[in-house]
Amino acid sequence: MRAGIGYDAHPLTPGRRLVLGGIDIPFDKGLSGWSDADVLTHAIIDALLGAAALGDIGSHFPPGEPEYRDISSLVLLERVRDKLGENGWQVGNIDATIVAEKPKLSGYIDRMRQQISRTLGVAISQVSVKASTSNELGFIGRGEGIAAWAIALIEESS
Ligand SMILES: [Zn+2]
């Protein structure tokens with residue numbers, strides 16, 4: 001078994017969709033970035049790549065490549081799952097925390113877990129997603145951005 005960690009943050013700006021864990025969340029701002037800027041999925045991707053010592057999201061899907069413009073990060077997650085498989089790994093479990101002052105995310109957590117687990121081909125019980133705030137501290141507290149942390153455990157494919 002191997003463990004990996006992932007972290008990501010994106011700025012919140014008007015006129016963008018807010019996508020977290022592949023779910024569109026109604027809000028007056030969204031995350032800016034080259035892809036759909038799904039900060040949760042990006043942190044999970046980095047945790048999985050890190051566990052397998054396969055580099056990071058930027059080395060596999062460089063920002064600026066036309067192919068990745070506004071792409072759903074679930075597509076990238078699916079490719080990472082395949083890369084892990086090619087290297088003899090399968091997903092054990094994932095635990096992630098989104099840190100956002102607003103909007104309130106509790107009503108969307110189970111749908112995010114469902115999307116991520118479906119994309120990875122694992123049971124929903126293997127994917128944990130939690131939401132927290134930064135208690136009005138820092139860039140997250142001022143509503144300037146959203147961050148996510150994730151850890152992943154992977155196992156040799158049976
Ligand atoms: Zn990102």
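Ser35 touches Arg16, His42, Tyr68, Asp70, Ile71 and Ser73, leaving out residues up to four places away in sequence. The model is a predicted one. One of these contacts, His42, is also a ligand of the zinc ion, and both Ser35 and His42 are among the residues nearest the centre of the largest pocket.

**Ser35**
- Ser35 sits in the loop that runs between β4 and α1, the latter spanning 39-51.
- Ser35 counts as buried because its relative accessible area is 8%, and buried means under 20%.
- A polar atom of the Ser35 side chain lies 3.1 Å from the backbone nitrogen of Ala37.

**Zinc site**
- The zinc ion is coordinated by Asp8 through OD, His10 through NE2 and His42 through ND1, at 2.0 to 2.1 Å.
- Along the chain, the donors follow the spacing D-x1-H-x31-H.
- Asp8 is buried, with a relative accessibility of 17%.
- His10 is buried as well, with a relative accessible area of 13%.

**Largest pocket**
- The largest pocket holds about 190 Å³ of space.
- Its lining consists of 13 residues, and those nearest the centre are Trp34, Ser35, His42, Phe61 and Pro63.
- Strand β1 and helix α2 (57-60) each contribute at least two residues to the lining of this pocket.

**Strand pairing around β1**
- Strand β1 covers residues 2-14 and runs antiparallel to strand β7, residues 145-156, with 10 bridges joining the two.
- Within this pairing, Ile5 has Ile151 of β7 as its bridge partner.
- β1 is also joined to strand β4, residues 29-31, by three bridges, and these two strands run antiparallel.
- In β4, Lys29 stands opposite Pro14.

**Leu48 in helix α1**
- Leu48 belongs to helix α1.
- With a relative accessibility of 0%, Leu48 counts as buried.
- Apart from neighbours within four places in sequence, Leu48 is in contact with Leu77, Val80, Leu84, Val91, Ile94, Leu120, Ala152 and Ile154.
- Leu48 and Ile94 are 46 residues apart along the chain, and their C-alpha atoms are separated by 8.6 Å.
- Two of the contacts of Leu48, Ala152 and Ile154, fall within the residue range of strand β7, 145-156.

Conventions: Residues are numbered from 1 along each chain as its sequence is written. This is a predicted model: local features need pLDDT of at least 70, side-chain atom pairs count only at pLDDT 80 or more; totals for chains, interfaces and linings use all residues. Side-chain values use heavy atoms; hydrogens and water are left out. Two strands pair if DSSP finds at least two bridges between them. Helices (H or I, at least four residues) and strands (E, at least two) are DSSP runs, numbered from the N terminus. Buried means under 20% relative accessible area, exposed over 50%, partly exposed in between (1.4 Å probe, protein chains only). A polar contact is a pair of N or O atoms within 3.5 Å; within protein, one must be able to donate a hydrogen and the other to accept it, and residues adjacent in sequence count only if both atoms are side-chain atoms. Contact means heavy atoms within 4.5 Å. Donors are N, O and S atoms within 2.8 Å of the metal (3.2 Å for Na, K and Ca); water is not among the atoms, so sites may look incomplete. On a 1 Å grid over the protein atoms alone, a cavity is a set of points where a 1.4 Å probe fits but cannot get out, and a pocket is an open set with protein on both sides within 12 Å along at least five of seven lines; lining residues have an atom within 4 Å of a point. Grid points are joined across faces, edges and corners, and a volume is the space filled by probe spheres set on the points.
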